[in-house]
Amino acid sequence: MSNLFINTSEWPFYIPIALSIFAVLMFALSKAWPRAWSILFGSTLLAVLAGTMVAAWAGLWLPANGASFGGEVDLLFNLILVLTTFFFILTEAILVWSLWNHKPPEGKSPSAIHGDHRLELAWTIVPALLLAGIAVVQMPTWARMKGAGNESWLSTRYEVGSDKADLLVCVHGRQWEWRVRYHDPTLPMPTRPLDWAAKAEPTDLHAVNEIHAYPGAKVRLLLRTHDVIHSFFVPQLRIKQDMLPGRTTPAWFIPTPADSSRENRWEIACAELCGGNHYRMRGQVVIHPDKSAFDAWYASSAGEQSRRKRSEKAVASAPKAS
Ligand SMILES: [Cu+2]
């Protein structure tokens with residue numbers, strides 16, 4: 001429970017307070033000394049850059065990648081980060097420089113300058129070209145993540161080709177949990193996975209808040225929601241996919257944990273503010289060390305499920321005590 005409260009004994013708590021006091025002081029100082037604005041904006045720029053670096057150094061960055069396509073996602077993320085950082089520093093540096101070197105004229109309001117066509121063209125065309133470039137560069141990764149070609153076990157349509165997957169898992173988001181249903185991996189895959197996602201089979205294994213797999217497994221996910229929009233997010237798998245009412249949204253991953261000699265547990269978070277208890281929608285992706293460990297887990301879970309079903313049946317059919 002303690003993490004629900006702000007811990008005032010920890011020093012990071014005082015950073016925003018110190019920054020706010022500093023900003024108010026600079027604002028007051030700017031009445032007498034206009035260059036205080038330059039100091040304020042310059043130190044904000046430095047604080048943002050330092051904060052970003054400290055966050056990366058302190059491990060508050062994306063966790064280590066654990067999915068086959070995660071490397072490509074990270075590459076795109078870093079490319080966009082480098083581009084935006086460059087232009088952020090450039091524009092902020094020009095701002096700080098201008099604030100330092102230009103004073104408002106005494107007693108007069110500053111002269112208004114209307115557009116410079118060359119400048120406006122430049123800051124329209126350059127971002128447009130960069131955005132178009134990013135859009136083109138990310139296309140192959142996006143297509144692969146959406147199952148369009150390139151992966152021999154995925155087809156462009158999810159209705160077919162599922163027989164090449166190792167695991168077929170339907171994840172049902174609902175306020176406030178993840179209902180998980182596995183197609184029995186020892187049985188042939190359904191020819192129409194979307195129909196299977198809509199209607200459970202008696203041989204399915206049901207679980208709550210846990211998705212189990214093993215390194216190298218081709219895992220097909222079929223994401224659904226019982227009520228509102230949820231978003232299935234596993235940072236280590238670089239997957240974030242919205243779940244929309246009335247739809248089955250496919251997703252997939254091949255786990256590639258850095259250390260597969262042990263069991264890896266990765267958090268599933270709902271990344272859509274889906275209601276009052278949204279924060280409670282936490283599950284786990286469990287990557288067993290190998291296939292045999294996964295098979296052992298599956299067999300014991302399936303055995304327990306059938307035992308439970310049998311005892312429920314026995315209770316239901318037992319003569320009622322009068
Ligand atoms: Cu949710």
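What follows is a working chat about a predicted model.

Biologist: What is the chain divided into?

Modeller: Domain 1 covers 1–61, and domain 2 covers 162–308. Keep in mind that this is a predicted model.

Biologist: How many Å separate the centres of the two?

Modeller: 41 Å, taken over C-alpha atoms.

Biologist: And what does the C-alpha trace span along its principal axes?

Modeller: About 95 × 50 × 40 Å. The radius of gyration is 27 Å, whereas a compact globule of 322 residues would be near 20 Å.

Biologist: What share of the residues is buried?

Modeller: Of the 322 residues, 19% are buried.

Biologist: What about secondary structure, how many helices and strands?

Modeller: Six helices and 10 strands.

Biologist: Helices, then. At what angle do α1 and α2 pack?

Modeller: About 160 degrees, with the axes 8 Å apart. Helix α1 is residues 14–30, and helix α2 is residues 36–57.

Biologist: Why call α1 and α2 roughly antiparallel?

Modeller: Because angles over 145 degrees count as roughly antiparallel, and α1 and α2 therefore qualify.

Biologist: Which residues meet there?

Modeller: From α1, L19, A23, M26, L29 and S30. From α2, they meet A36, W37, I39, L40 and A47.

Biologist: Switching to the nonpolar cores. How many residues does the largest one have?

Modeller: The largest nonpolar core has 37 residues. V169, V171 and L221 have the most contacts inside it. Strand β1, residues 167–174, gives the core its largest share, five residues.

Biologist: Which residues is L221 in contact with, leaving aside neighbours within four places?

Modeller: V169 and V171, plus P250, A251 and W252. V169 and V171 are also among the residues with the most contacts inside the core.

Biologist: What share of the contacts with a separation of 6 or more joins residues 24 or more positions apart?

Modeller: 69% of them in the chain.

Biologist: Now the backbone. Where is the peptide bond cis?

Modeller: One runs from Q175 to W176, with omega near 5 degrees. W176 sits in the loop between β1 and β2, the latter being 177–182.

Biologist: Is R238 buried or exposed?

Modeller: Buried, because R238 has 23 C-beta neighbours inside 10 Å, and 20 or more is enough to count as buried.

Biologist: Why is N209 only partly exposed, then?

Modeller: N209 has 14 other C-beta atoms within 10 Å. Exposed needs 12 or fewer and buried needs 20 or more, so N209 falls in between.

Biologist: Last one, R282. Where is it?

Modeller: R282 is in strand β10, residues 282–287. R282 counts as partly exposed, because it has 13 C-beta neighbours inside 10 Å.

Biologist: Which residues is R282 in contact with, leaving aside its neighbours within four places in sequence?

Modeller: E267, I268 and A269.

Biologist: And how many Å lie between R282 and F233?

Modeller: 9.9 Å, C-alpha to C-alpha. In sequence, R282 and F233 are 49 residues apart.

Definitions and conventions. Residues are numbered from 1 along each chain as its sequence is written. This is a predicted model: local features need pLDDT of at least 70, side-chain atom pairs count only at pLDDT 80 or more; totals for chains, interfaces and linings use all residues. Domain bounds come from an automatic or database domain assignment. Helices (H or I, at least four residues) and strands (E, at least two) are DSSP runs, numbered from the N terminus. The radius of gyration is taken over C-alpha atoms; the globule rule is 2.2 Å times the number of residues to the power 0.38. Two residues are in contact if their C-beta atoms, placed from the backbone, lie within 7 Å. A nonpolar core is a set of buried Ala, Val, Leu, Ile, Met, Phe, Trp, Tyr and Cys residues joined through C-beta atoms within 7 Å. Axes are lines fitted to C-alpha atoms, for helices over the stretch in contact, and angles run from 0 to 180 degrees between N-to-C directions. Angles under 35 degrees count as roughly parallel, over 145 as roughly antiparallel, 65 to 115 as roughly perpendicular and the rest as oblique.
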